[in-house]
Amino acid sequence: MLDCSLVTYQPYRPLLTFVSDMAGDDKQLLNLAWSIVNDSLRTDACLLFPPYLIAIAALHMTCGVLQDRGHNHQDWFASLN
């Protein structure tokens, strides 16, 4: 009989940290990025990439959507390098 366990770490904690660092209390940014992270759980991304990369990718996608609405966070992404 095999006894296996698989532990995966979720990107929600890094996402909260990044959003508070990027935009403070921007609920619209957080809600949309949270939805993208939820959708990423339907894929195998949590098995392939560390949680902080998934959180950054969700924020990048969110900023692309919100850029049309006057949000611009390019400086924050540039500071990650």
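In this predicted model, Y12 has a relative accessibility of 18% and therefore counts as buried, the cut-off being under 20%. W34, at 32%, counts as partly exposed. Y12 belongs to helix α1 and W34 to helix α2, so the pair ties together parts 22 residues apart in sequence.

F18 and W76 form an edge-to-face pair. This pair links distant parts of the chain, with F18 in α1 and W76 in helix α5 (residues 74-79), 58 residues apart. F18 is buried at 16% relative accessible area, and W76 is buried at 10%. Ring pairs join F18, W76 and F77 into a cluster.

| Pair | Centre distance | Plane angle |
|---|---|---|
| F18 and W76 | 5.8 Å | 65 degrees |

Helix α2 covers residues 27-40; at 1.5 Å a residue its 14 residues should span 20 Å, which agrees with the 20 Å between its end C-alpha atoms. Its buried residues are L29, L30, A33, I36, V37 and S40. They cover an arc of only 130 degrees around the axis, which puts them on the same side of α2. Their packing partners are α1 (12-23), α3 (45-48) and α4 (51-66).

T62 is located in α4 and, at 0% relative accessibility, counts as buried. Its side chain reaches the backbone nitrogen of A33 at 3.4 Å. Leaving aside residues up to four places away in sequence, T62 touches L29, L32, A33 and I36.

Note on methods: Residues are numbered from 1 along each chain as its sequence is written. This is a predicted model: local features need pLDDT of at least 70, side-chain atom pairs count only at pLDDT 80 or more; totals for chains, interfaces and linings use all residues. Side-chain values use heavy atoms; hydrogens and water are left out. Helices (H or I, at least four residues) and strands (E, at least two) are DSSP runs, numbered from the N terminus. The expected span of a helix is 1.5 Å times one less than its number of residues. Buried means under 20% relative accessible area, exposed over 50%, partly exposed in between (1.4 Å probe, protein chains only). The arc is that of the directions from the helix axis to the C-beta atoms. Contact means heavy atoms within 4.5 Å. A polar contact is a pair of N or O atoms within 3.5 Å; within protein, one must be able to donate a hydrogen and the other to accept it, and residues adjacent in sequence count only if both atoms are side-chain atoms. Rings of Phe, Tyr and Trp (its six-membered ring) pair if their centres lie within 6.5 Å; planes under 30 degrees apart count as stacked, over 60 as edge-to-face and the rest as tilted.
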